[in-house]
Amino acid sequence: MNRIDLRGSRRDPRGLLPRAQLDVAQAVEKIRPVVEAVRDHGYAAIREATEKFDGVRLERLRVPVEAITAAEKSLDPNVRAALLVAIERARKVHADQRRTDVTTQVVPGGTVTERWVPVSRVGLYVPGGLAVLASTVVMNVVPAQEAGVPSLVVASPPQASNGGLPDPTILGACALLGVTEVYGVGGAQAIAMLGYGSAGRSGADLADDFEHCAPVDVITGPGNIWVTAAKRLLQGTVGIDAEAGPTEIAILADDSASPVHVAADLISQAEHDPLAASVLVTDSPALADAVDLQLAVQVSATKHESRVRESLSGKQSGIVLVDDLEQGLAIVDDYAAEHLEIQTRGARELAMRVRNAGAIFVGAYSPVSLGDYAAGSNHVLPTAGCARHSSGLSVQSFLRGIHVIEYDEAALRASAPHVVALANAEDLPAHGQAVTARFTELPSSGGAA
């Protein structure tokens, strides 16, 4: 892996740290015609894009319920059991995220209630490219269900090996979660379908053998750069969770860390994608050397060796040497990783001081892989430094806070001078008049004799 020596450096590290470089703006312009075609022509454009990009000719968009049921029945028993554990644990964590309505008495006779209302319909995207992520079904669906969203739809790329339907394990996960509205569409055309629906601008009736997709209010879920670019185009038409980039792991480690564990964890993220980022931050040159030796051994034995080597040797990955753990903590805060592991002495204490990370994994026995599947946490997380300002997917992603304001006559009368003063200060006198009109007679405008 590349090495970046920041020992003794007082420079801003953000421009020095490894990071995948993606030009989403350029991708937006490339996929704009696809998105606009789906907006205007609906199913016909979705079908054309799917045949072009996925090599599958769609006969219908919606997966038959019988196929979803059959996929659940055909799940490998071990996979089924693991999915049920993942669902159960995710429900425990996300159920505790539910918000309750709160009423605040601001003044006697004047209250503000904050209601938490779920969005009406969400589109949940599940990738199906280099890795077919059945676990992402759990991570998307569970928080939406716990939020009380009444209408859920899953979209996932069609697989030629499964007769043009999404991956059977993805369908089986949908069945276990009670999701029956599933569409075999992927990429930018799937995001456009979720945002605009599949009927096209004409809204023409579709063939009897085709069940079209109605537009959603929010789209969530990870994907490749084309999915990200389509989300950017649709933002405003719908809400989105984030513009997800390639996955990334940062590990803050000292000489107490096991090089075997560290190397294994770096590889586990690298196998996602050649653009995946794996970064080790350490104050121990000896650990860095030992990790390099372990990588030489473990990479050769891994299934996706070529992909992993490309990721680990890319400019987005590397080993960063620091003076001490205090500098290391500052570095990982600047990096704001999607996944941050802390494998040091006093790991929990350091973890509680981190400000910027999508999720933090503490100690030798909390690897990122656990969070990907069975920790109970959510693995749909901010990438590319967005953890400085954004959170991972949660129940809150599907809720809106609505303020309900209720003042009686006395409370409004007491507030009137303040409203009038501020309205006049902003040269908006009619705002003040809207209050005082309730307590004074307005001049007569005449009227019929």
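The model is predicted, so local features require pLDDT of at least 70 and side-chain atom pairs pLDDT 80 or more, while totals for chains, interfaces and linings use all residues. Residues are numbered from 1 along each chain as its sequence is written, and side-chain values use heavy atoms, without hydrogens and water.

**Asp372**
- Asp372 belongs to helix 14 (residues 368-373); helices (H or I, at least four residues) and strands (E, at least two) are DSSP runs numbered from the N terminus.
- Asp372 is buried, that is, under 20% relative accessible area, where exposed means over 50% and partly exposed lies in between (1.4 Å probe, protein chains only).
- Asp372 has no salt bridge (a side-chain nitrogen of Lys or Arg within 4 Å of a carboxyl oxygen of Asp or Glu).
- The nearest side chain of opposite charge to Asp372 is Arg307, 12 Å away; Lys and Arg count as positive and Asp and Glu as negative, with His and the chain ends not counted.
- Beyond four places in sequence, Asp372 contacts Ser135, Met139, Gln269, His272, His339 and His379 (heavy atoms within 4.5 Å).

**Positive phi**
- Most residues other than glycine have a negative phi.
- Ala384, not a glycine, has a positive phi of about 55 degrees and lies in the loop between helix 14 and strand 14 (399-407).
- Asp427 also has a positive phi of about 55 degrees, in the loop between helix 15 (409-425) and helix 16 (429-436).

**Hairpin**
- Strand 2 (residues 102-107) and strand 3 (residues 110-118) run antiparallel, joined by five bridges; pairing requires at least two DSSP bridges.
- Val102 stands opposite Glu114, and Gly109 in the turn has a positive phi of about 85 degrees.
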